[in-house]
Amino acid sequence: MSNKVLIVDDAAFMRMMIKEILSKNGFSVVGEASDGAQAVEKYKELGPDLVTMDITMPEMDGITALKEIKKLDPNARVIMCSAMGQQAMVIDAIQAGAKDFIVKPFQADRVLEAIKKTLS
């Protein structure tokens, strides 16, 4: 059975990049969201095995969305993605319950490593 993944990023191009990496490697992308509020709704609706979540987005940022998803499902597996290698954001994300952190631009092997580690 392929793992179901929800991709959350305000940039369509970034969602497409992650989707391509995952699809080529046997993962099933069940949904996409372009902001944190949509991510929370899609999580409720789709019940994915894993979420890749951008940090900086309009409406609701990734860390706030992560906290909301964790309230809904304490076992939610979320990997944060950000272009900014800002230490404070990484720490906030991990403290809020993120399982891992991927830095943009994405490197396929790093994305897959983070996902496999999180799902195992």
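Here is a quick tour of a predicted model, from its sheet to its nonpolar cores.

## The sheet

Let's start with the strands. Five of them line up in an open, parallel sheet, and the order across it is E2-E1-E3-E4-E5. The edges belong to strand E2 (28-33) and strand E5 (100-103); each has a single partner strand, so one side of each is left without a neighbour in the sheet. On average, neighbouring strands here are turned by 20° against each other, direction ignored.

Now zoom in on one pair. Strand E1 (residues 4-8) runs parallel to strand E3 (residues 50-54), and four bridges link the two. One of the residues to look for is Val8, whose bridge partner in E3 is Met53.

## A helix across the strands

Helix H1 (residues 12-24) lies across E1, E2, E3 and strand E4 (78-82). Its direction is at about 170° to that of E2.

In soluble globular proteins, nonpolar side chains tend to be buried together. In this model, the largest nonpolar core has 22 residues, and the members touching the most others are Val8, Val51, Met53, Ile69, Val78 and Met80. Two or more residues come from each of E1, helix H2 (36-46), E3, helix H3 (62-72), E4 and helix H4 (87-95). H3 gives the most, with four residues.

Key: Residues are numbered from 1 along each chain as its sequence is written. This is a predicted model: local features need pLDDT of at least 70, side-chain atom pairs count only at pLDDT 80 or more; totals for chains, interfaces and linings use all residues. Side-chain values use heavy atoms; hydrogens and water are left out. Two strands pair if DSSP finds at least two bridges between them. Axes are lines fitted to C-alpha atoms, for helices over the stretch in contact, and angles run from 0 to 180 degrees between N-to-C directions. Contact means heavy atoms within 4.5 Å. A nonpolar core is a set of buried Ala, Val, Leu, Ile, Met, Phe, Trp, Tyr and Cys residues joined through side-chain atoms within 4.5 Å. Buried means under 20% relative accessible area, exposed over 50%, partly exposed in between (1.4 Å probe, protein chains only).
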